[in-house]
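Hi everyone, thanks for coming. Let me put the structure up, and then we'll walk through it together from the inside out.

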Amino acid sequence: MQKLLFSDKEESLKVVNVASVPQYSPFRYPGGKTWFVPRLREWLRSQPKKPKLLIEPFAGGGIISLTAVFGNLTQESLMVELDEDIAAVWQTIVDGNAEWLISRILNFEMSKENAFNEITKKRKSIKEKAFQTIIKNRTFHGGILAAGSGFLKNGEAGKGVHSRWYPGTLAKRLRGIDLVRDRLHFKHGDAFEVLEQYKNDEDVVFFIDPPYTAGGKRAGNRLYTHFELDHEALFAACEKVTGDFIMTYDNAEEVRNLSRKHGLVAKPIPMKNTHHATMTELVIGRNLDWMSGINRVLELQAEYKIKKKSASSG
Ligand SMILES: C[S@@+](CC[C@H](N)C(=O)[O-])C[C@H]1O[C@@H](n2cnc3c(N)ncnc32)[C@H](O)[C@@H]1O
């Protein structure tokens, strides 16, 4: 008998307030996985023993690695990210230069002009690039760093570039991360290489959150500089790893087909976007028994609208 891979059975909906999830990341990140944090805890606690290493091959804002390390759900985490702007921030932190970054943030006088001057300077060192990334991430639409993004025009209550510039909060988060730096690792590189490198290590678990570009036009291709991905190859690489893994994906037909083809289980998690329309994302893995009995989560997910025209608008 064919295994039932997909369950669309309605379960009771439980609204989880995203604001109650502790925020450890210095990034505002498009496609950030804050909504998944409660499930992450359940998944990691369901492991036969505490994982030696959690690998986040598409780290972005790193919320999953940070939550796992802070919550002591893994001994260590390795974040991997291809984007050089994002990479500069994580590299600066793991290199022990968080205080340098904090000092630049606290001493920066935010204005559109200063932000523009800062981000257009030719930067040579990784830590200087990290500072530029923080400025962009905090002053651009939806935190989007990809080409075509631009400064917040109105932002919150017409505050423009100031709306998301919270130097004190950033300093606090960076100091927090600095405290767990010895358990946090970073690699500026390709997810596929790391999956290959650790595929035989049974003490390693993977949280895989690729850009959502499967099944044609999806948000991912305007949110990230590196959005192109061979989704079939990713599923094939996951199939080869010895350790446990979960993937999160948009609920697209192509993704459901790939899951079936690779003998994986996929469960939809409903969430609400900012317009209160319900949409679902998929959690995919070899075994999702740890999710049974868990009420579906109805989450508020930030929605990133990007205008087609380029730069400095809206
Ligand atoms: C959906 S986002 C991850 C968001 C992250 N889970 C969070 O909560 O912030 C996907 C990320 O993968 C990165 N990326 C794309 N292709 C990659 C590759 N081949 N290797 C490593 N990172 C890649 C993108 O730059 C982007 O930051």
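Okay, let's start in the middle: the largest nonpolar core has 73 residues. By a nonpolar core I mean a set of buried Ala, Val, Leu, Ile, Met, Phe, Trp, Tyr and Cys residues joined through C-beta atoms within 7 Å. And buried means that 20 or more other C-beta atoms lie within 10 Å of a residue's own; 12 or fewer is exposed, in between is partly exposed, and the C-beta atoms are placed from the backbone. The residues with the most contacts inside this core are I55, W90, F206, I208, C238, F245 and I284. Helix α3, residues 84–94, gives the most to it, with six residues. As background, nonpolar side chains tend to be buried together in soluble globular proteins.

Before I go on, a word of caution: this is a predicted model, so local features need pLDDT of at least 70 and side-chain atom pairs count only at pLDDT 80 or more, while totals for chains, interfaces and linings use all residues. Residues are numbered from 1 along each chain as its sequence is written.

Now the overview. The chain has eleven helices and ten strands. Those are DSSP runs, numbered from the N terminus: H or I of at least four residues for helices, E of at least two for strands. Of the 314 residues in the chain, 38% are buried.

Which residues does F206 touch, leaving aside its neighbours within four places in sequence? They are I55, P57, V241, G243 and F245, where contact means C-beta atoms, placed from the backbone, within 7 Å.

On to the strands. β5 (residues 204–208) and β6 run parallel, joined by three bridges; two strands pair if DSSP finds at least two bridges between them. I208 has M247 as its bridge partner in β6. Strand β6, residues 245–250, is largely enclosed by the rest of the structure, because five of its six residues are buried.

In α10, the buried residues are L234, F235, A237 and C238. They cover an arc of only 160° around the axis, so they sit on the same side of α10; that arc is taken from the directions from the helix axis to the C-beta atoms. A233 and K240 are exposed on the other side. What covers the buried residues of α10? The cover includes α8 (191–197), β5, β6 and α11.

In α11, residues 253–261, the buried ones are V255, L258 and S259. Their arc is only 100°, which puts them on the same side of α11. The face turned away from that side carries the exposed E253 and K261.

Last stop, the ligand. How many residues surround the ligand? There are 23, and the closest are K33, F58, G60, G61 and A191; to be near, a residue's C-beta atom, placed from the backbone, must lie within 6 Å. α2 (63–70) and β3 (76–81) each supply at least two residues of this shell.

That's it from me, thanks!

Definitions and conventions: Contact = placed C-beta atoms within 7 Å.
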